[in-house]
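Hi,

Here is the structure I said I would pass on.

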Amino acid sequence: MDGILITAAVIVGVIAMIEIVTMFFRLPLGCDGPSWVMVLPVFAEDSCFPQRLDRLAARSCGRTNVMIVDYSATDQQRALIAQFARENPDAVIISHQELEKILSKTFAIEE
């Protein structure tokens, strides 16, 4: 009976390791993989915005575009966004009205 339990535990352990490797350590796909967009809303009340923008700059993670949506950005936040956009060619700065148009067009939502 102990042999069967040990064998089952080894098999489950191997399967778990394979799952971990394929889920968490897989390299981003090249041009063949599906592209995705990251949307970062900007509000004047967001006191952690500079840290959030730094974290976003550090982790590109295979995305193809970053949409920074200006809801109520302050002048300081706009300066940070402009600097981020200069350093990251995949960044797009849009207003929340433009985002609504893009989403309604993408998902065929009637206005």
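**Salt bridges, sheet and core**

Searching the whole structure turns up 3 salt bridges, a salt bridge being a side-chain nitrogen of Lys or Arg within 4 Å of a carboxyl oxygen of Asp or Glu. Before the details, some housekeeping: this is a predicted model, where local features need pLDDT of at least 70 and side-chain atom pairs count only at pLDDT 80 or more, while totals for chains, interfaces and linings use all residues. Residues are numbered from 1 along each chain as its sequence is written, and side-chain values use heavy atoms, with hydrogens and water left out.

Aspartate 46 pairs with arginine 52, with the closest N and O atoms 2.6 Å apart. Aspartate 46 counts as buried at 17% relative accessibility, while arginine 52 is partly exposed at 33% (buried is under 20% relative accessible area, exposed over 50%, partly exposed in between, using a 1.4 Å probe and protein chains only).

Arginine 78 has a salt bridge to aspartate 70 at 3.2 Å and one to aspartate 75 at 3.6 Å. Aspartate 75 and arginine 78 are about one helical turn apart, because they sit 3 residues from each other in helix H3. These shared partners join Asp70, Asp75 and Arg78 into one network. As for accessibility, aspartate 70 is buried at 18%, arginine 78 is partly exposed at 39% and aspartate 75 is exposed at 65%.

Now the strands. Helices (H or I, at least four residues) and strands (E, at least two) are DSSP runs, numbered from the N terminus. E2 (residues 65-70) has 5 of its 6 residues buried. E2 runs parallel to E1 (residues 37-42) over 6 bridges, and 5 bridges link E2 in parallel to E3 (residues 91-95); strands pair if DSSP finds at least two bridges between them. Isoleucine 68 in E2 is the bridge partner of leucine 40, and isoleucine 68 also stands opposite isoleucine 93 in E3.

What about the nonpolar core? The largest one has 11 residues, among them Leu40, Val42, Phe49, Ile68 and Ile81 (a core is a set of buried Ala, Val, Leu, Ile, Met, Phe, Trp, Tyr and Cys residues joined through side-chain atoms within 4.5 Å). E1, H2 (49-58), E2 and H3 each give two or more residues to this core, and H2 gives the most, with 3. Beyond its neighbours within four places in sequence, valine 42 is in contact (heavy atoms within 4.5 Å) with residues including Phe49, Ile68, Asp70 and Ile81.

Cheers
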